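Subject: Structure for you to look at

Hello,

Here is the structure I said I would pass on. My notes on the ligand site, the domains and the backbone follow below it.

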Amino acid sequence: MLDQLNTLEQEALAQLSAITTNDDLVAWQGKYYGTKRSKGALDEAMTLLGKVSKEDRPAFGKRANEVKQGLTAAYEVKKGEVSRLELEAKMRAGAIDVTLPGRPVQRGRLHPSTQNLRNIAKIFAQMGFEVYRSPDVETDEMNFELLNMPPEHPARDMWDTFYTNTPGVILRTHTSPGQIRSMRELGGNGTKPIRVILPGMCYRYEQVTARSEMQFNQVEGIAIGRNITLADLKGVMGEFGRRMFGGDGQIRFRGSYFPFTEPSVEVDVYLGTATPQARMLTKGTGWLEISGAGMVHPTVLENGGYDPREWSGFAFGMGPERVAMRLHNINDIRNFWANDLRFLEQF
Ligand code: DAH
């Protein structure tokens, strides 16, 4: 009878020592200690007690208890070991190599043209210019007539126009109609000075080439006051040039013609030729053309509600994409609207 107990103990310990998983451990426990549904081998062994002779019974009972306690102790040790093993395995499986470089996160960004317009707006804001919005779909009256170009005026040929099916409604060919709108809406019937820029898309019915698109941005500027002179225009343009490109802020006016300004000029800023950047931007001349400009024509002042004998003002219209092309050495204006990520991701 004692032999049976010893065999049971040896078997149980041998099986226990081979166990490495919690599932096997639970099965082992059920086998020897029983489950809700079945008796365990140890309980079976206890039933032998009834078959043992009276004299041997105390020794058998004592041994049976020893076996049970020994197995319970071994089980507890094993249980600790198994849970440690399983935890280690889990950690190995989910191990993180903290020395690996991170994966780059894809981030959106502003379109280069928007970035450029914001830079320009920021510089003019520093000089007291507010941003004023003016519609892309315009009337012929605003785009031409009120800018001193009546129907059949030959200067209209400077702007190839997209017409709509509605007579008198066009896509603006430049941001200059915003001059009339801002004077009328902000000028208080010719009683208040104004200082605004008008950024926005313009449209021209033109052959698309590397240098000209049929849609592009302009930034119009207009300042109306009681004592504004050409010198103020020079100062503002020079300051803009210096803040945008560096350089010393020197300005060169070349005489030009626009029906809505008198006198009219084209504006170059002096960047010099000292740095490779300045030489690149100016093709070695030191001068970068940035804008058409001039003193607002008396007729245009009147159309905006101002008395030209008391009020004067300057206006300019620059091409921000041209500025950006020079700044970033972009050689094809079509890149701006082609939505090619290889281009856009560089900004
Ligand atoms: N609107 C002109 C153009 O598109 C540019 C321009 C010239 C704007 C002179 C002005 C200006 O405000 O004074 O070619």
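The ligand sits in the largest pocket. Please keep in mind that this is a predicted model, and the values below are computed from it.

The ligand site

Which side chains place a polar atom 2.9 Å from an oxygen atom of the ligand? Arg204 is one of them, with a polar side-chain atom at 2.9 Å from a ligand oxygen. Gln218 is another: an N or O atom of its side chain is 2.9 Å from an oxygen atom of the ligand. For Trp159, the separation between a polar side-chain atom and an oxygen of the ligand is 3.3 Å.

How much of the ligand does the protein bury? On its own, the ligand exposes 360 Å², and 93% of that is buried by the protein.

The domains

The protein is divided into two parts, domain 1 covering residues 2–93 and domain 2 covering residues 112–344. Taken over C-alpha atoms, the centres of domain 1 and domain 2 are 93 Å apart.

The backbone

Glu262 and Pro263 are joined by a cis peptide bond, with omega at about 0°. Pro263 belongs to strand β7, which runs over residues 261–270.

The other place is Glu152, which is not a glycine but has a positive phi of about 75°. Where does Glu152 lie? It is in the loop between α6 (140–143) and β3 (169–171).

Regards

How values were computed: Residues numbered from 1 in each chain as written. Predicted model: local features only at pLDDT ≥ 70, side-chain atom pairs only at ≥ 80, totals over all residues. Heavy atoms only, no water. Polar contact = N/O pair within 3.5 Å; in protein donor to acceptor, adjacent residues only side chain to side chain. Areas by Shrake-Rupley, 256 points an atom, 1.4 Å probe, with all protein chains shown as cover. 1 Å grid on protein atoms, 1.4 Å probe; cavity = no way out; pocket = protein on both sides within 12 Å on 5 of 7 lines; lining within 4 Å. Sits in = over half its atoms within 2 Å of the grid points. Domains from an automatic or database assignment. Helix = DSSP H or I, 4+ residues; strand = E, 2+ residues; numbered from the N terminus.
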